[in-house]
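The stops below proceed from the whole chain to single residues.

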Amino acid sequence: IYIGDREQFLETFLTPLEIVQDSRCPTNVVCIWAGTAEVKVKIETPYQTAIPTITLGQFVTVGSYKIEFISMNPSPNTEQPIGPKGYALTFRVSRI
């Protein structure tokens with residue numbers, strides 16, 4: 001899913017609104033820290049709407065749904081900047 005796209009997962013709609021942070025290590029650099037990424041996402045369940053910021057590899061709970069931020073591609077590269085709409089984001093939505 002890309003920034004601005006609205007996709008349905010189960011009875012939940014996700015709309016990534018913005019990349020809050022992308023401090024992941026660029027592919028053409030050697031880093032001592034892998035870094036992380038954060039995205040602000042609008043989450044609409046049948047009974048609730050929330051706009052949390054989710055960190056890569058983490059999850060949030062909205063109503064009876066767990067939303068995990070699984071991956072963000074492509075990886076940064078110092079020679080090829082990535083625009084906000086250039087990121088493909090992967091989420092996992094499950095009922096809890």
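Of the 96 residues in the protein, 31% are buried, where buried means under 20% relative accessible area, exposed over 50%, and partly exposed in between (1.4 Å probe, protein chains only). This is a predicted model, in which local features need pLDDT of at least 70 and side-chain atom pairs count only at pLDDT 80 or more, whereas totals for chains, interfaces and linings use all residues. Residues are numbered from 1 along each chain as its sequence is written, and side-chain values use heavy atoms, with hydrogens and water left out.

**Whole chain.** Display the C-alpha trace: its atoms fill a box of roughly 45 × 25 × 15 Å along the principal axes. Colouring by secondary structure shows 0 helices and 8 strands; helices (H or I, at least four residues) and strands (E, at least two) are DSSP runs, numbered from the N terminus. Among contacts (heavy atoms within 4.5 Å) between residues at least 6 apart in sequence, 46% join residues at least 24 apart.

**The sheet S6-S7-S8.** Select strands S6 (59–62), S7 (65–73) and S8 (88–95). They form an open sheet of 3 strands in the order S6-S7-S8, with antiparallel pairing; two strands pair if DSSP finds at least two bridges between them. S6 and S8 stand at the edges with a single partner strand each, so one side of each has no neighbour in the sheet. On average, neighbouring strands of this sheet are turned by 25 degrees against each other, direction ignored, the axes being lines fitted to C-alpha atoms (for helices over the stretch in contact), with angles running from 0 to 180 degrees between N-to-C directions. S7 and S8 pair over 8 bridges in the antiparallel sense; to locate one of these, select Met72, whose bridge partner in S8 is Leu89.

Next, select Glu68 in strand S7. Is Glu68 buried or exposed? At 17% relative accessibility, Glu68 counts as buried. Beyond residues up to four places away in sequence, Glu68 touches Gln58, Phe59, Thr90, Phe91 and Arg92. Move on to Arg92 in strand S8, which is partly exposed at 44% relative accessible area. Its C-alpha lies 7.9 Å from that of Lys66, a residue 26 places away in sequence.

**The nonpolar core.** Which residues have the most contacts inside the largest nonpolar core? They are Leu14, Ile43, Ile54, Ile67, Leu89 and Phe91, in a core of 19 residues. Such a core is a set of buried Ala, Val, Leu, Ile, Met, Phe, Trp, Tyr and Cys residues joined through side-chain atoms within 4.5 Å. Centre the view on Ile54: leaving aside neighbours within four places in sequence, its contacts include Val41, Ile43, Ile67 and Phe91.

**Glu44.** Select Glu44 in strand S3 (residues 37–44), which counts as buried at 18% relative accessibility. The side chains of Glu44 and Arg6 are joined by a polar contact of 3.0 Å. A polar contact is a pair of N or O atoms within 3.5 Å; within protein, one must be able to donate a hydrogen and the other to accept it, and residues adjacent in sequence count only if both atoms are side-chain atoms.

**The disulfide.** Finish at Cys25 and Cys31, whose sulfur atoms are 2.0 Å apart and form a disulfide, defined as a pair of cysteine sulfur atoms within 2.5 Å. The link of Cys25 and Cys31 is right-handed, with 85 degrees about the S-S bond. Cys31 is partly exposed, at 33% relative accessible area.
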